[in-house]
Amino acid sequence: MIEQSTRRATAAHSVSVDEVRVRYGVFLDVRVPVSAMAGVRARSEDHSGRRGFDLDGQTFTVALSWQTNVVLELSRPVAFTRPLGRPGEARVIKFYADHPQAAVAAIHHAMVRPRESSP
């Protein structure tokens with residue numbers, strides 16, 4: 001699991017062989033299938049002055065204290081439900097992880113694992 005630093009009860013981001021779940025407490029749970037992932041990298045960005053959840057075109061930002069440090073690029077848009085029930089769709093998801101290098105490594109491993117088992 002990839003932890004989040006917040007004082008309220010949260011569900012941590014998680015990575016499995018099937019999907020990455022980008023979460024923010026009870027407010028957000030974006031499920032990204034591994035088959036939709038094109039790339040991942042660590043990149044710190046400051047989003048001061050913007051909303052914590054921001055959908056700008058095809059980029060969805062899930063900032064913690066106005067910071068993100070992981071960028072997940074998708075090969076196709078992924079649909080999700082934003083806080084307050086509004087629909088969203090994105091090809092890039094930026095989020096904060098306590099340990100961004102470990103998060104990137106775990107996501108990358110999930111991305112390449114199915115390809116390794118293919119004939």
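**What the labels rest on**

Author: Let's start with a pair: Arg21 has Arg31 of β3 standing opposite. This is a predicted model, where local features need pLDDT of at least 70 and side-chain atom pairs count only at pLDDT 80 or more, while totals for chains, interfaces and linings use all residues. Residues are numbered from 1 along each chain as its sequence is written, and side-chain values use heavy atoms, with hydrogens and water left out.

Reader: What makes β2 and β3 a pair?

Author: Strands (DSSP runs of E, at least two residues, numbered from the N terminus; helices are runs of H or I, at least four) pair if DSSP finds at least two bridges between them. β2 and β3 have six, in the antiparallel sense, so they qualify under that rule. Three residues sit between the two strands in their hairpin, where Gly25 takes a positive phi near 55°.

Reader: Why is β1 called an edge strand?

Author: β1 (14-15) pairs on one side only, and so does β3. The order in this open three-stranded sheet is β1-β2-β3, with antiparallel pairing.

Reader: And how do you know where the edges of the five-stranded sheet are?

Author: Its order is β4-β7-β8-β6-β5, with mixed pairing. β4 and β5 (53-56) each pair on one side only. Four bridges join β5 to β6, and these two run antiparallel; among the partners, Phe53 bridges to Val62 in β6.

Reader: What is called the largest nonpolar core, and which members touch the most others?

Author: Such a core is a set of buried Ala, Val, Leu, Ile, Met, Phe, Trp, Tyr and Cys residues joined through side-chain atoms within 4.5 Å. The largest has 27 residues, and Met37, Leu72, Ile93 and Phe95 touch the most other members. Elements supplying at least two residues each include β2 (19-24), β7 (67-81) and α1 (100-117). Beyond four places in sequence, Ile93 touches residues including Val22, Val30, Phe60 and Leu74.

Key:
Buried means under 20% relative accessible area, exposed over 50%, partly exposed in between (1.4 Å probe, protein chains only). Contact means heavy atoms within 4.5 Å.
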